[in-house]
Amino acid sequence: MSKLTLIGGITAAGQKLNITISGNKISELTIDTPVAGNEILDITGSLIIPGLVDLHTHLREPGKEDAENVESGSRAAVKGGYTAISAMPNTDPVADTAGVVEQVFSLGKAAGLCDVFPIGAVTQGQRGGQLAEILAMAQSAAKVRMFSDDGHCVFDPLVMRRALEYVKMFDGVIAQHAQDPRLTIDAQMNEGEISAKLGLKGWPAVAEEAIIARDILLTDHVQSRLHICHVTTAGGVELIRWAKSRGINVTAEVTPHHLLLTDDLAESYDPIYKVNPPLRNVRDVEALREGLADGTIDIVATDHAPHPTESKECEWQAASFGMIGLETALSVVVKTMISSKLMNWNDLVDRMAIAPARIGGYAEQGKEFALGNFANITVVNPNKTWIVNKDASMSKSRNTPFHGLELPGVITDVFFNGARVLQDEKVIGKI
Amino acid sequence: MNRHLLSINDLTYEDAVLILDTAAELAKISDAPVKKLPTLRGRTVVNLFFEDSTRTRISFEAAAKRLSADVINFSAKGSSLSKGESLKDTALTLQAMGADAVIIRHGASGAPARLADQQWMTGSVINAGDGTHEHPTQALLDAFTIRKHLRPGQKDLSGLKVAIVGDVLHSRVARSNVLLLHKLGAIVTLVAPPTLLPVGVESWPVEIAFGLDLVVAKSDVVMMLRIQRERMADLFFPSEREYSRQFGLNGDRLKMMQPTALVMHPGPMNRGLEISADSADSLQSVIVEQVANGVSVRMAVLYLLLGGSPLSAENSKVLSDKVVI
């Protein structure tokens, strides 16, 4: 078995560490120069961190393969330093049966670039009525643990209650897209000064916060586990902080774009900034950053949402909601959280690898480096910067709001189960 | 002046005054036997209307024709948004036809901005009403009408009290008027139930009143907005009767108005709902005149965006001479 040793790397905690990979696992960890005879990769000056884990990815397969498929999404993930991603179920057909989740799971295996864990729909067709066959998905080869109607809110409180109760059978979790649909009919952007001026229909913060509050209380009542997708408001952060102080089992995510961008960008009417939930104001962004730093918000999730060009090259109201984000996530978090000294690299590893793997139940992902663990490793040069170029994206889609922006942190290499899937910033094909 | 007119924010104070002054000069054309100037001969102006609006379209068409432009009417109704040809392809088509200016009416807020910003076409873009965003030429013609009556011979509308009454939330006319009237020194009061005011209105340079009785006596201008009956179904107000009682301009309120004060409405009116027939047809009503002034103001906008230099004193004289001919 060939052995490869990464030398000169520094861990998130700031320690020198040489890692030897044998086959798919970590076989040796040393501080000194490793045993001669191994193949050597000198990464002096770079950080070595566990492969990142995303709990919120739209891969569009089956059904919308012009925007993305499992393979292209996996390539984008690898480029962004991820070794595990989670496919949201809003495909066509919806991933609400064991058959569809197993299909997505096997497509991920076939692509072989990172782990692809399907998320199952909570309700049949994501229509919010009848529960989907959650147990069948949990017991399928995909072993689904997280369920979400993402893109739609599980609005009916009784349906939400039953879903929360039902997933207790296997320590599952309901990931809620918190959006009161009655308060957000035809909503286009954050409701406030900017929407008033632009004449775009508002998406009020209370439509998110009301659902978060309700679901926290339901979760407490039935003693289950809740995950709040893409929190965007200061009030939402406050509610989650309160829930955690009461010991309620709720976790939450924030997206990189909500950590950096604000609703005034809509003044251009360029739908590249149209996303659901919408970009909020500076006060919200500050609250989200604080919440992520103090652990109220557990993780960063990308909500990578690819759309074909024509879905964004049009009027704002006609455009699709969403932004791609796998390739820029780490750099945006470095810019917003580390460059601003709100977090250190240890915190980043927790929010982007360890905590997401724990919430998703991904046993082999998001682990500290230890002998015998699967070698899921991302190598980052923290001192280099890069300029986002939408046309260089690994995704099939180009809808990044960060085009032309200079960002810190260049991911040079990624090892997925020991295989070097990113080599000198280039995605290498299948294992 | 900016190449496009997408929002009143595209205009400086000086630009706005220049448009009104130019419109005043050009208005003389309308009174001449030959209602035509050669200024835009050989230029192509496209009326791109994604929404039905005969009155705005013919107003722009008359304005362009009086300046001798070639006018193409491109009715894209029904092809807006998800259906039919994309805005981009329409723009590329117009560019290929060599449009010097595109006057666009669209149901989606910001559609004119998309047309202007995407470099799909090189001509000027004039917003003739976009969704619930703005309708800048309507505001200009309203300001022109107010200035003519209440501030003749002066540059702006300093100190005038203007009440804008009705569905501010969904009104592009209201948004443009708030910006322009404020720019020209008027004091604006929005009169509407809180359900028909946008969240964020606190940041606008206006006062707010929740009933017409509170402001009608002290206003120099009462500008009524069209209220759409279907708003009731969306819970914005309980009934037409209740709305009309609190916010309608009826005969009693007309009597409370100052004798010199103006009644305005951008049309089309719902007689009996937001405005009674006797108010609409009163001596104080300038509603019909607003329509006539619309042509002059739109001529001025086309003239200044496409013709280039402002009317100098000399040009103005030439113009006056021509009018005499």
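Trainee: In which sense do β7(A) and strand β8 of chain A pair, and over how many bridges?

Mentor: In this predicted model, β7(A) and β8 (residues 82-87) of chain A pair in the parallel sense over 2 bridges, where strands are DSSP runs (E, at least two residues) numbered from the N terminus and pairing requires at least two DSSP bridges. Local features need pLDDT of at least 70 and side-chain atom pairs count only at pLDDT 80 or more, while totals for chains, interfaces and linings use all residues.

Trainee: What stands opposite A:L52 in β8(A)?

Mentor: That is A:Y82.

Trainee: And what is the strand order of the open sheet?

Mentor: The open sheet of 3 strands runs β7-β8-β9 in chain A, with parallel pairing. Since β7 (52-53) and β9 (115-118) of chain A stand at the edges with a single partner strand each, one side of each is left without a neighbour in the sheet.

Trainee: Switching to the interface, how many residues of chain B are in contact with chain A?

Mentor: There are 22 residues of chain B in contact with 19 residues of chain A, contact meaning heavy atoms within 4.5 Å.

Trainee: How many salt bridges are there between chain B and chain A?

Mentor: The count is 2, a salt bridge being a side-chain nitrogen of Lys or Arg within 4 Å of a carboxyl oxygen of Asp or Glu. One of them joins the side chains of A:D270 and B:R114, at 3.6 Å from N to O.

Trainee: Which element gives the most to that side of chain B?

Mentor: α4(B) does, with 4 residues, helices being DSSP runs of H or I with at least four residues.

How values were computed:
Residues are numbered from 1 along each chain as its sequence is written. Chains are lettered from A and ligands numbered from 1 in the order in which they are written. Side-chain values use heavy atoms; hydrogens and water are left out.
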